Amino acid sequence: MTDLAAVKAALKTQAVETPSWAYGNSGTRFKVFAQQGVPRTPQEKLDDAAKVHEFTGVAPTVALHIPWDKVEDYSALAKHAEDRGVRLGTINSNTFQDDDYKLGSVCHPDASVRRKAVDHLLECVDIMDATGSADLKLWFADGTNYPGQDDIRARQDRLAEALAEVYARLGDGQRMLLEYKFFEPSFYTTDVPDWGTAYAHCLKLGPKAQVVVDTGHHAPGTNIEFIVATLLREGKLGGFDFNSRFYADDDLMVGAADPFQLFRIMYEVSRNGGFEAETNVAFMLDQCHNIEAKIPAIIRSVMNVQEATAKALLVDRAALAAAQASGDVLEANSVLMDAYDTDVRGLLAEVREEMGLDPAPLAAYRRSGWAERVVAERVGGEQAGWGA
């Protein structure tokens with residue numbers, strides 16, 4: 001039998017980092033759709049993120065994206081976050097929105113372009129020092145579109161050289177989290193296309209380099225939970241970027257496309273110690289809310305992670321192990337499915353009430369009047385957006 005008190009305790013200590021860019025305007029490569037009341041500054045993004053944490057109780061940190069969230073005084077930005085009950089989290093680099101990066105950034109054939117990209121990454125570590133952030137997240141759009149366009153091995157050598165320089169700059173308690181994506185925006189080769197490539201580079205770099213699993217960055221049919229279990233076994237899972245996709249990298253709300261997959265992933269996290277503090281796995285959202293209201297969508301996403309986590313924690317481990325050991329295939333599957341089929345909404349409502357929160361975060365947010373307030377107050381200026 002599952003210890004319900006232990007499940008509740010684990011849920012109360014859960015932490016899901018929300019991304020600053022999810023609060024700004026976003027869209028497709030065809031159009032960015034503006035919404036009323038969208039933040040105009042990094043400070044206003046933090047104000048919105050604080051509301052998500054206020055109503056969920058489990059979103060205490062906010063990831064920044066540089067230069068989208070560039071400010072003159074990062075210590076003051078950290079203080080602004082703390083005054084509102086949240087903290088600054090992961091620093092995300094951007095080496096994909098400059099004209100110089102058309103042929104790549106750290107893998108570019110031109111040494112001067114590579115130098116520019118690495119200098120940006122080093123700047124991000126400087127920002128980490130100022131904000132107190134522990135993690136630098138790296139995703140590279142680098143790759144090629146045509147056979148013969150560039151030397152595949154040489155690009156890996158350039159990547160390794162750049163990563164090594166940034167790794168050497170990391171301070172005590174800081175990590176480099178390397179993300180992978182199997183295609184797009186390059187369509188012939190991608191320089192970090194899969195978890196194996198990311199793992200190989202991180203293994204060579206050392207203990208401060210770990211892999212990020214973005215749930216939208218895999219080919220259809222990929223068994224993501226196998227990747228998660230393997231990286232946890234090797235001590236190389238640094239974190240998640242949670243989102244959903246129906247076709248490619250849609251960046252839809254986590255759990256929207258395949259909630260069963262999210263449950264399977266979270267079970268492997270639970271089974272392999274990924275919720276333990278010493279494992280230091282970062283649970284982050286990486287989503288864009290193009291047509292839906294942003295704060296409610298982020299609250300809903302956090303709740304989706306909570307529900308998948310609760311179900312994963314409810315798996316009867318002893319019964320599952322017994323069925324597996326005896327080779328009872330149907331019983332083993334039934335034990336897992338019993339947990340997935342459990343309606344955990346009542347359990348989570350109890351957890352929130354015990355934390356002093358409203359049991360229904362979305363309803364509480366709507367009653368708060370925050371959406372109407374920001375529409376009235378955030379008039380003028382330039383709305384934040386991801387710059388497509």
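Is E184 buried, partly exposed or exposed? E184 comes out as partly exposed, because its relative accessible area is 29%, and the cut-offs here are under 20% for buried and over 50% for exposed, with partly exposed in between (1.4 Å probe, protein chains only).

## Ground rules

This is a predicted model, so local features need pLDDT of at least 70 and side-chain atom pairs count only at pLDDT 80 or more, while totals for chains, interfaces and linings use all residues. Residues are numbered from 1 along each chain as its sequence is written, and side-chain values use heavy atoms, with hydrogens and water left out.

## The overall picture

Let's start with the fold as a whole. The protein has 14 helices and 12 strands; these are DSSP runs numbered from the N terminus, with helices being H or I over at least four residues and strands being E over at least two. Buried residues account for 55% of the 388 residues.

What about the overall dimensions? The radius of gyration is 21 Å, which agrees with the value near 21 Å that a compact globule of 388 residues would have. That figure is taken over C-alpha atoms, and the globule rule is 2.2 Å times the number of residues to the power 0.38. Along the principal axes, the C-alpha atoms fill a box of roughly 60 × 55 × 40 Å.

Most residues other than glycine have a negative phi, and most peptide bonds are trans. Back to E184, then: it has a positive phi of about 75° although it is not a glycine, and the peptide bond from E184 to P185 is cis, with omega near 10°. E184 lies in the loop between β8 and β9, and P185 is placed in the loop between β8 (175-179) and β9 (189-190).

There is another cis bond from I66 to P67, with omega near 15°. P67 sits in the loop between β4 (61-65) and α3 (74-83). N280 is also not a glycine, yet has a positive phi of about 60°. You'll find N280 in the loop between α8 (259-271) and β12 (282-285), and it counts as partly exposed because its relative accessibility is 42%.

## Salt bridges

Side chains of opposite charge can pair when their charged atoms come close. A search of the whole structure turns up 29 salt bridges, each being a side-chain nitrogen of Lys or Arg within 4 Å of a carboxyl oxygen of Asp or Glu. One of them joins R84 to D47, with the closest N and O atoms 2.7 Å apart. This pair links distant parts of the chain: R84 is in the loop between α3 and β5 (87-92), D47 is in helix α2 (residues 42-56), and they are 37 residues apart. R84 is partly exposed, with a relative accessible area of 38%, whereas D47 is buried at 16%.

R175 and D135 also meet through their side chains in a salt bridge (2.9 Å, N to O). Here strand β8 supplies R175 and strand β6 (residues 135-138) supplies D135, a link between distant parts of the chain that are 40 residues apart. Both R175 and D135 are buried. Then there's R264 with E225, a salt bridge at 2.6 Å, N to O. R264 counts as partly exposed at 22% relative accessibility, while E225 counts as buried at 12%. Finally, K8, K12, E350 and E354 are linked in a network of salt bridges.

## A negative patch

Which residues form the negative surface patch? They are D328, E331, D338 and D341. Patch residues have over 30% relative accessible area and no salt bridge, with like charges joined within 9 Å and nonpolar side chains (Val, Leu, Ile, Met, Phe, Trp, Tyr) within 5 Å. Of these residues, D338 is in helix α11 (residues 329-340) and counts as exposed because its relative accessibility is 53%.

## One tryptophan

W195 is found in helix α6 (residues 195-205). With a relative accessible area of 25%, W195 is partly exposed. W195 and G221 are 26 residues apart in sequence and 15 Å apart in space, C-alpha to C-alpha.

Key. Areas by Shrake-Rupley, 256 points an atom, 1.4 Å probe, with all protein chains shown as cover. Lys, Arg positive; Asp, Glu negative; His and termini not counted. Charge placed at Lys NZ, Arg CZ, Asp CG, Glu CD.
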